[in-house]
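This report describes the chains shown below, their contacts and their packing.

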Amino acid sequence: MNFETPDFLPVVPELFVLGMACVILLVDLFLSERNRVVSYLLAQATLVGAALLTVGLYSPTDQITLNGTFILDSMAAVLKFCIYVAAFVVFLYAKDYLRARSLFQGEFFLLGLFGVLGMMIMVSAHSLLTLYLGLELMSLSLYAMVALQRDSVVASEAAMKYFVLGAIASAMLLYGMSMLYGTTGSLDLGVIGDRVAGGAVTDLVLSFGLVFLVIGIAFKLGAVPFHMWVPDVYHGAPTAVTLYVSSAPKLAAFAMLMRLLVDGMGSLHAQWQEMLILLAVLSVVIGNVVAIAQTNIKRLLAYSGISHIGFLLMGVLSGTAEGYAAGMYYAIAYAIMTLGGFGMVILMSRSGFEAEDLSDYKGLNQRSPWFALMMMVLMFSMAGVPPFLGFWAKLAVLQAVISVDLIWVAVVGVLFSVVGAFYYLRVIKLMYFDKAEDERPIEAAPDLRYTLSINGLAVLGLGLFPGGLMALCTAVML
Amino acid sequence: MFAELPLLSLVIWTPIVGGLLVLATGSKRGGLEAKVIALIASLLTFALSIPLFAGFDTTTAQMQFVELAPWIASISVNYHLGVDGISMPLILLTTFTTVLVVIAGWEVIQDRPAQYMAAFLILAGLMNGAFAALDAMLFYVFWEALLIPMFIVIGIWGGPRRVYATLKFFLYTFFGSVFMLVALIYLYLDTGSFGILDFHAAKIGLTAQTLIFLAFLIAFAVKVPMWPVHTWLPDAHVEAPTGGSVILAAIMLKLGAYGFLRFSLPITPDASASLDWLMILLSLVAVVYIGFVALAQQDMKKLIAYSSISHMGFVTLGFFVAFAIFRQSGDNPLGAAMGIEGGMVQMVAHGFVSGAMFLCVGVLYDRLHSRDIADYGGVVNTMPIFAGFMVLFAMANAGLPGTAGFVGEFMVILSAFKANFWYAFLAATTLILGAAYTLWMVKRVLYGKVTSPKVAALTDINAREFLFLGILAIAVLGLGVYPAPLLEVMGPTVDNLVQHIAASKL
């Protein structure tokens, strides 16, 4: 048997994150409570370093290495970069929040980094096994993070629920993968893609496998009817963790969707399209309608997130390169918006006060006109009103579905975005039209203030000049 | 000397930048700085829009003052601006009305004046953008974005039921526009461009045309508003502060009518021709039925709101009667052009008149804090100068010859005659109904004995109020006596439009 040394260069960012995570694990042991910030800084440095490595290693040609289990293509590079940025922002928002609740421990950042590593592996997976490995690494980190506040009953319940449901979903996915392996005889997504496309396998088992894969993906994305965990986890977890769960993992789940359905089973598009239509339409309808009834902003954003996932799926289900690009654009746009949304919740909260109730946002315009404006920008963006980022994401997705003559799907989408506008407007109403019950001005550290402002302005800026990001997503998919 | 400047960009961005500046200065010291900056920005914008009129070439139907730059390359969206005889007068109307609104809000708005002024300046820029956009996506962005400041204006400075009114306003309009978005995307995929002029040239089948027409109809009918999707307007008008009502009536409603001229008619002429009965029916219902509804109102603002709906019915009638004329008398573009021109004149006239009427109600409301007709009576005794203005505007609202209100209505009725006697007959009832509800209101508010002690204590208008009412009086009389410049500006464009819609696109 001859053993070739694989090309490790494309895997360097992953190795770097892994190495740094181990270093932080060790360093954190020797830090006193006062110096805990060192772990935080090291974690942020890791993300910056990984970003530099990913950018530095970028090449326009696809590189497959480690015996065909790992791929570094443009999509992977762009999504990884976005994941680093999202995690960086999450850590930054989380810092003071955690400190005020004596959760400022190395574990949060460590688990966060391991989660990032898992996502990186998912994004770059070229084999069913790698994909599963990355997924589990990410999921286990997330379960543990949700449970970080171990004295809190809601948090423990959320973690338990997340873990049990997540385990079932993983099992489904694994079952689907085993069927896929059984019919095609390979774990390599490229080989699977060729065999499925070649028509060599037209088994019923393959269709069954596809169904299980879609269920697993839908669960990780939080699409209806596999969304049950989303509101409870978003609500129960400490806001800093919610921020993490709601942003970067969606990018990774999008990558998983692309790898499995498009790379692996692209030729079965007609079959999975119908499933995705169902998921997308249900998500948009149920997410938007149920969000109206929420009085807790974290639950509201959770249901709004479900509806956004529906739109994301609309892009992918079209089965065209433009549609995939639209889905990716939507995923990135959603990550930016949800970071801002939960960032606002963190900004408003103080030690002993979570600012979770919608009524806590009453009269924000009197207390802080600037952040009321930022929140308004975020809300209008999520509602899909131009000239904000969320509008262009919706536009791209609608274009994709209309281009494949699924006009009814687009009409359902826009109709329920009108329904959705109602609850976003209600938040704005509370901030602008109601009197403040709590007149105290907002207190927050400057780094949180500046990042949140940049976050809000990015939603506006990317809305006024959406061309760059849109072109990037298109270039990646073509 | 102005020809080299990107005038359209300037009239869009000057007020927006001005608005941001105003927002940045904040409301300290009663917002004096904010108000001064707002006044300067609005005057500057108005000044910048004058060369659009002065330098306008009235011999061509081509787009003028064109600016073109790529905006979003990957979906070929361009920053494409230009005006023709249809949009240029509306931009002028916008910049003009904005100055009045800034003056009208000067002393009245005590709560957060900087945000108030900023909202109106930004609104002005966005409305100019919507009128000047030649790229459908650019148009859509402006069209939707201008809901945001209006939503805020009604919600913060509105009356007791402001939250209900503003949510209704936003959701109604948003509901309408999303269908337009789907139609625009369809057209983009069909033509490969978002250029409105490319849409005009596109050949489209009848089924697709009908669906596109209906999608546009929902969007524009809500905005105009046409019966039966008008119910947001009385609520919004009643609850909005005076400035909001003025902008809403004078300009935002025009956006809907403008949409018909810019999108529905030229992009889907065949569908427009086959569905013109529907449009004429809805327009006549608005004119007659809503006229009667206005008669029954007890609230001055509601009355004027319903009168606006009724008058806007005239506008849409004028636009769509063209197709009936084609059928009636083969190629008689003259009658058709008269209907469309009449609708256009009516739009501008209604902009002045309804704005003036709302400002008059605002003047009364600032003093008595009531809009109920029953709370007034005999105002002429204590406010003679104001009464003079209000009577003039009321006459214009009723369509008295010599005022702006007459010209457009007369042209539309004349053109309706060419299509069908009964159209004209029903439309002409507005001359009676309009006079009835307007003058009856004036009688009850201004004349009679002074019964209420509050009315007895009224003081007449001050110099600031005299200024904006006086300017509007000149505009109303000027347009009524000498509408020729306006007709001259829009003539070639309308003739071109008539030729365009007379030819089938199938």
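## Fold of chain B

In chain B, 81% of the contacts with a separation of 6 or more join residues 24 or more positions apart; two residues are in contact if their C-beta atoms, placed from the backbone, lie within 7 Å. The model is a predicted one, in which local features need pLDDT of at least 70, side-chain atom pairs count only at pLDDT 80 or more, and totals for chains, interfaces and linings use all residues. Residues are numbered from 1 along each chain as its sequence is written, while chains are lettered from A and ligands numbered from 1 in the order in which they are written.

Chain B contains 22 helices and two strands, taken as DSSP runs numbered from the N terminus (helices H or I, at least four residues; strands E, at least two). The overall dimensions of chain B are as follows.

| Property of chain B | Value |
|---|---|
| Box of C-alpha atoms along the principal axes | roughly 70 × 55 × 45 Å |
| Radius of gyration | 22 Å |
| Buried share of the 506 residues | 63% |

A residue is buried if 20 or more other C-beta atoms lie within 10 Å of its own, exposed if 12 or fewer, and partly exposed in between.

Helix H7 of chain B (residues 162-191) has 30 residues and reaches 43 Å from its first C-alpha to its last, close to the expected 44 Å, which is 1.5 Å times one less than its number of residues. Of the 30 residues of H7(B), 22 are buried. Just after H7(B), B:Gly192 takes a positive phi of about 75°.

## Contact between the chains

Between the chains, 25 residues of chain A are in contact with 26 residues of chain B. On the side of chain A, helices H17 (389-403), H18 (407-433) and H20 (467-477) each give two or more residues, and H18(A) provides the largest share, 12 residues. By class, that side has 19 nonpolar, five polar and one charged residue; Ala, Val, Leu, Ile, Met, Phe, Trp, Tyr, Cys and Pro count as nonpolar, Asp, Glu, Lys and Arg as charged, and the others, Gly among them, as polar.

Conventions
Rg over C-alpha atoms; globule rule 2.2 N^0.38 Å.
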